[in-house]
Amino acid sequence: MKVVRFIGRAPIRSIILVASAFALAVAAQAFAGPAETPKVASVAHYTLANGLELVVVPDHRAPVVTHMVWYKVGSADETPGKSGIAHFLEHLMFKGTAKNPAGRFSQWLATVGGQENAFTSTDFTAFFQRTSREHLASLMEFEADRMTGLVLTDENVLPELQVVLEEWNLRVGNDPGARLGEQVTAALYLNHPYHRPVIGWRNEIVELTREDALAFYRRFYTPNNAVVVVAGDVTAEEAKQMAEATYGKVAPRAEIAPRVRPAEPQPETGAVRHVVVADQRVAQPSLQRSYLVPSIATAQPGEAEAIEVLVHALGSGSTSRLYRELIAEKGIAADAGAWYQDAALDMSRLGLYGTPRPGVTLHQLENAIDGVVADVIDKGLTPEEIDRAKNRMIAAYVYAQDNQASLARLYGAALTTGSTVEEVLSRPERLRAVTAEAVNAAARHWLDSRRAVTGYLVHDLKQSEDKRS
C-alpha cells in the first residue's frame with residue numbers, strides 16, 4: 001500500500017492515490033497467533049431526514065472525539081476536461097463562509113487545541129477534526145455551515161490555484177516515481193475515469209476557474225451526499241441530537257443520482273502492456289505493476305477477502321513470498337512487495353513493486369517477480385503462509401481499534417465506496433472464513449498478465465532496452 005501525501009498550506013491536506021479502507025486505518029503488524037475481535041461499544045448508523053448519514057463509534061477511554069465529514073465524490077466523478085476539480089475544491093473549502101470568514105474555523109480549532117486535515121481520493125473527499133469532547137457540537141456547526149455556505153471569489157480562488165500547481169510541481173512534476181504511477185494507472189484503465197490522476201492533469205488544472213469550483217460544489221456538496229463519522233467519547237444518542245441540531249437543518253440542494261461509470265473492457269488476448277518513464281534524476285531504477293481486480297464493492301462474496309489474503313502473503317512484510325525469495329534468498333532485490341486497493345466503488349487494483357540491487361537489470365527483476373507469481377499460480381500458497389497472513393490481518397484490525405482516527409476512516413471509506421457498517425464490523429469473521437482454495441483460486445484468476453500493466457522507472461531509455469536474462 002502506498003499513500004502519496006500532498007502538502008499545501010496549513011492545514012495539511014492530502015491526496016490518496018492508492019489506499020484501502022483497512023490500510024487507511026493501520027499498517028498491518030506482525031502477529032504470531034490468532035487474535036480476538038475486540039469488545040467495542042455498539043456502532044450506530046443513522047440517516048437524517050435530509051439524507052445525511054451519521055455513523056457513531058463510541059470510545060470512552062479518553063475525553064476526545066474525532067469528527068469526519070465524507071462526501072461521496074472524488075476525481076472519478078469529475079466532468080471530462082476538468083480533472084483536478086475535486087482536489088481543488090477540497091482546498092477551497094477552507095476559504096470561509098459569510099457566517100465564518102476565511103480562517104475562523106481553523107483559528108478556533110487551534111485555540112481549543114484541536115487538529116484538522118482533509119484528503120481527496122478517486123471516490124471520496126473527506127474533512128477531519130479531532131478535539132476534546134465538549135467541542136463536538138461546535139465542529140458540527142462549522143462543517144454544516146460550509147456544507148452549503150462556501151463563499152468563493154476570484155481573490156481567494158486564483159491564489160489557491162497557484163498553491164495546487166505548486167503542489168503538482170512538488171509531488172508529481174518533480175517526482176518521477178509519481179509520474180510512473182500516473183502512467184501505469186492511465187494505461188490500466190482504458191475506459192474508466194480512474195485513469196485520471198486524483199490531483200488532475202496539469203494542462204487541465206491551469207484552466208480551472210471559480211465557476212468550475214462552484215458548479216462542482218453545488219452539484220455534490222449537499223447533505224444527501226455526505227457521511228458524518230464521529231468516533232470517541234460520546235454516546236450515539238448525544239451525537240445524533242447534535243447532528244440533527246446542526247446538519248439536520250441543512251436542506252438538500254441537489255438530487256444525487258447513482259454513480260454509474262463506464263466499465264472496463266475484458267482484457268485482450270495477448271495484450272501485455274508495459275510503460276517506461278525515463279528521467280535523468282532517477283538514481284535507482286524501479287518497477288511497478290498493477291492488475292485490474294475487484295474491489296470489496298464489486299467482488300463476489302468472499303472474493304475480496306481472498307485477494308487481500310493473497311496480497312498479504314505474497315508481498316507484505318519479511319515473511320512474505322516476494323521478500324523471502326527476491327530479497328532474503330536470491331538477493332536480487334533491495335525492495336519488493338504487494339498492495340491491494342480494496343476500497344473502491346468500481347473495479348480496483350492489485351499492485352506489485354520492486355527495486356533491483358546494483359548490477360541487476362529491471363528485466364531480470366521482472367523475470368524473478370514473474371517466477372514467484374507463476375509458482376504461486378501453479379502450486380499455490382501453503383496453508384502456513386495463508387494462516388499467517390490471516391492472523392496478521394486480523395491482529396491489525398484489532399490494533400486499529402485503539403486509534404479513533406483509524407476507526408473513523410474505516411467507516412468513512414467503507415460507506416463512500418459502496419460498503420456497509422456491517423461489513424466493517426464483520427471483517428475478522430470474513431477473514432477467518434477465507435480458505436486456502438479461495439486464495440489460490442484468486443491467484444490463478446486475477447494474477448493474469450493480460451489484466452496488468454508493468455511500469456519501469458529508469459535513468460535513461462537504454463536501461464529499459466537491456467536484453468532479458
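**Exercise 1. Packing of helix 11**

Task: In this predicted model, find which elements the buried residues of helix 11 pack against.

Solution. 
Step 1. Locate the helix. Helix 11 covers residues 321-329.
Step 2. Pick out its buried residues. R321, L322, E325, L326 and I327 are buried.
Step 3. List the partners. Among the helices, the buried residues of helix 11 pack against helix 10 (303-315), helix 12 (362-379) and helix 13 (383-400). Among the strands, they pack against strand 10 (333-340) and strand 11 (348-356).
Step 4. Check what follows the helix. Just after helix 11, G331 has a positive phi of about 65°.

**Exercise 2. The Y71 and F127 rings**

Task: Classify the aromatic pair of Y71 and F127 by the angle of its planes, and say which parts of the chain the pair ties together.

Solution. 
Step 1. Start with the total. The structure holds 12 aromatic pairs.
Step 2. Take the geometry. The ring centres of Y71 and F127 are 6.1 Å apart, and the planes meet at 80°.
Step 3. Apply the cut-off. Planes over 60 degrees apart count as edge-to-face. The angle for Y71 and F127 is 80°, so this pair is edge-to-face.
Step 4. Place the residues. Y71 belongs to strand 4 (residues 64-71), and F127 to strand 6 (residues 125-132). The pair therefore ties together parts that are 56 residues apart in sequence.
Step 5. Check burial. Y71 has a relative accessibility of 0%, so Y71 counts as buried. F127 is also at 0% and is buried.

**Exercise 3. Extending to a cluster**

Task: Describe the pair formed by Y217 and Y221, then name the cluster that ring pairs build around Y217 and Y221.

Solution. 
Step 1. Take the geometry. Y217 and Y221 are 5.6 Å apart centre to centre, with 45° between the planes. The pair is tilted.
Step 2. Check burial. Both Y217 and Y221 are buried.
Step 3. Follow the ring pairs. They link Y71, F94, F127, Y217 and Y221 into a cluster.
Step 4. Look for charges over the rings. The charged end of R146 sits over the F94 ring, 4.8 Å from its centre. R253 lies over the face of Y217, 4.2 Å from the ring centre.

**Exercise 4. A buried aspartate**

Task: Decide whether D77 is buried or exposed, and find which side chains make polar contacts with the side chain of D77.

Solution. 
Step 1. D77 sits in the loop between strand 4 and helix 2 (85-92).
Step 2. Judge accessibility. Under 20% relative accessible area means buried. D77 has 10%, so D77 is buried.
Step 3. Find the polar contacts. The side chains of D77 and R259 are joined by one of 3.0 Å. The side chains of D77 and R261 are joined by one of 2.9 Å.
Step 4. Widen the view. Beyond its neighbours within four places in sequence, D77 has contacts that include K72, T122, D123, R196 and F216.

**Exercise 5. The second largest cavity**

Task: State how much space lies in the second largest cavity, and which residues lie nearest its centre.

Solution. 
Step 1. Count cavities. The structure holds 4 of 30 Å³ or more.
Step 2. Identify the lining. It has 14 residues, and M93, G96, N100, F105 and R146 lie nearest the centre. R146 is also the residue whose charged end sits over the F94 ring.
Step 3. Assign elements. Helix 3 (104-111) and helix 4 (136-148) each supply at least two lining residues.

**Exercise 6. Contacts across the sequence**

Task: Find which residues Y291 and Q404 contact beyond their neighbours within four places in sequence.

Solution. 
Step 1. At 2% relative accessible area, Y291 is buried.
Step 2. List partners of Y291. They include L188, S348, V373, W446 and A452.
Step 3. Check a pair of C-alpha atoms. Those of Y291 and T454 are separated by 8.9 Å, although the residues are 163 apart along the chain.
Step 4. Turn to Q404. It lies in helix 14 (residues 404-415). At 11% relative accessibility, Q404 counts as buried.
Step 5. List partners of Q404. They are D59, V64, V65, T66, R130, A231, G232 and D233.
Step 6. Among contacts between residues at least 6 apart in sequence, 83% join residues at least 24 apart. The chain has 18 helices and 12 strands. Of its 469 residues, 58% count as buried.

Definitions and conventions:
Residues numbered from 1 in each chain as written. Predicted model: local features only at pLDDT ≥ 70, side-chain atom pairs only at ≥ 80, totals over all residues. Heavy atoms only, no water. Phe/Tyr/Trp six-rings, centres within 6.5 Å; stacked < 30°, edge-to-face > 60°. Helix = DSSP H or I, 4+ residues; strand = E, 2+ residues; numbered from the N terminus. Buried < 20%, exposed > 50% of the residue type's maximum accessible area, 1.4 Å probe, protein only. Lys NZ or Arg CZ within 6 Å of the ring centre and 35° of its normal. Polar contact = N/O pair within 3.5 Å; in protein donor to acceptor, adjacent residues only side chain to side chain. Contact = heavy atoms within 4.5 Å. 1 Å grid on protein atoms, 1.4 Å probe; cavity = no way out; pocket = protein on both sides within 12 Å on 5 of 7 lines; lining within 4 Å. Points joined across faces, edges and corners; volume = space filled by probe spheres on them.
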